[in-house]
Amino acid sequence: MPASERIPARSVLTEAALRTLLSEGELTVRGRVGGASNAVLYCVAAYEGEERPCVYKPVAGEQPLWDFPDGTLAQREVAAYEISEATGWGLVPPTVLREGPYGQGMCQLWIEADEAGSRAPGAGAHALPPLLALVEDEEPGEGWKAVGLAEVGEGRTALLVHADDPRLRRLAVLDAVINNGDRKGGHLLPAPGGRLYGIDHGVTFNADDKLRTLLWGWAGEPLTAEAVEVLDRLATGLEPGSALATRLGELITAAELDALRGRVAGLRAAGRHPRPSGEWPALPWPPM
């Protein structure tokens, strides 16, 4: 959004207060976010003297997907937020399901990306979005992890790399857990203060393996001790009858919830980042 349209934060709000503002606040549509295949509306949520910019994605604006016949993309976005919160990593902006000007939809806090100072160190990289790069070398430089070769025009290829960054590594684990079918470069939002968010989680939680991501750099490598601890907590948190499992049961199908438990168990047993299955395109298209 243009600087003139940005809404300054009036005070620091807790996560719970932000969720309340997004859930209960009055939504005013300010415009539409272009380039999306589904309706994405830029709004302001106002509640008890506080207001924040947000994104509202009404279910009525969703395009049907043959491989996601049940539920809605909005519900999956909220489910991704619930899992993100359960990890303790806070990788997804506050996200709620609510009624809005065009019916029920997902409402998520708007994150103003901070481009400055968010690039990882690299050797001669041509920057794409922050934390991603194309390099002409056959191997990634120090501080980068290789994803694969990409066509750059006129029969030329370059090596697509992402930063060897702990924030991205956490996001790669989250994506494996929620079975994210669309982790594009444009879905990575570095925020002021060094925090990194991931957005656009509508195509997640499928019972079949759908993982498509630009964050394959750790494929096959051992999980960090931190990730193992998080997965252990998730396994306990997802037990039938738990608060998290009950909440997710309102957002995804029983089969998808069972598959979620299975992915967590599989990651714990393997102790490694997953590799591409070979049964599904490993990279999203378009990648950005």
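User: Why is Q108 called buried?

Analyst: Its relative accessible area is 5%, and buried means under 20% (exposed is over 50%, partly exposed lies in between; 1.4 Å probe, protein chains only). Since 5% falls under that cut-off, Q108 counts as buried. A word on the source: this is a predicted model, in which local features need pLDDT of at least 70 and side-chain atom pairs count only at pLDDT 80 or more, while totals for chains, interfaces and linings use all residues. Residues are numbered from 1 along each chain as its sequence is written, and side-chain values use heavy atoms, with hydrogens and water left out.

User: Which residues is Q108 in contact with, leaving aside its neighbours within four places in sequence?

Analyst: The list is L22, C54, V55, E77, V92, P93, P94, T95 and I199, where contact means heavy atoms within 4.5 Å. Q108 itself lies in strand β5, and V55 of that list is also its bridge partner.

User: How do you know that β3 and strand β5 are joined?

Analyst: Two strands pair if DSSP finds at least two bridges between them. Five bridges join β3 to β5 (residues 103-109), and the two run antiparallel. Strand β2 (residues 41-47) pairs with β3 in the antiparallel sense too, over seven bridges. In that pairing, A46 has E51 of β3 as its bridge partner. The hairpin of β2 and β3 has two residues between the strands, and E48 takes a positive phi near 50 degrees there. As for the strands themselves, they are DSSP runs of E with at least two residues, while helices are runs of H or I with at least four, numbered from the N terminus.

User: What makes strand β3 mostly covered?

Analyst: Of the nine residues in β3 (residues 50-58), eight are buried.

User: What makes β1 and β4 edge strands?

Analyst: The open sheet has five strands in the order β1-β2-β3-β5-β4, with antiparallel pairing. β1 (26-32) and β4 (95-100) each pair on one side only, which makes them the edge strands. Neighbouring strands in this sheet are turned by 40 degrees against each other on average, direction ignored. Such angles come from axes, which are lines fitted to C-alpha atoms (for helices over the stretch in contact), and run from 0 to 180 degrees between N-to-C directions.

User: Which strands does helix α1 lie across?

Analyst: Helix α1 (residues 15-24) lies across β1, β2, β3, β4 and β5, at about 20 degrees to β4. Helix α2 (residues 73-87) lies across β3, β4 and β5, at about 150 degrees to β4.

User: Why is the pair of Y42 and W110 called edge-to-face?

Analyst: Rings of Phe, Tyr and Trp (its six-membered ring) pair if their centres lie within 6.5 Å; planes under 30 degrees apart count as stacked, over 60 as edge-to-face and the rest as tilted. Here the centres are 4.8 Å apart and the planes stand at 80 degrees, so the pair is edge-to-face. A search of the whole structure finds one aromatic pair. The pair links distant parts of the chain, with Y42 in strand β2 and W110 in the loop between β5 and β6 (126-127), 68 residues apart. Y42 is buried at a relative accessible area of 1%, and W110 is buried at 19%.

User: Why are α3 and α4 called roughly parallel?

Analyst: Angles under 35 degrees count as roughly parallel, over 145 as roughly antiparallel, 65 to 115 as roughly perpendicular and the rest as oblique. The axes of helix α3 (residues 166-178) and helix α4 (residues 225-237) come within 11 Å and cross at roughly 30 degrees, so the two helices are roughly parallel. R170, V173 and V177 of α3 make the contact with E226, A227, L231 and L234 of α4.

User: And what makes α2 oblique to α3?

Analyst: These helices pack at about 130 degrees, with axes 11 Å apart. That angle falls among the rest in the angle classes, so α2 is oblique to α3. The residues that meet are A80, I83 and S84 in α2 and L174, V177 and I178 in α3.

User: How do you know that V147 is buried?

Analyst: V147, found in strand β8 (residues 144-153), has a relative accessible area of 18%. That value is under the cut-off for buried, so the label applies.
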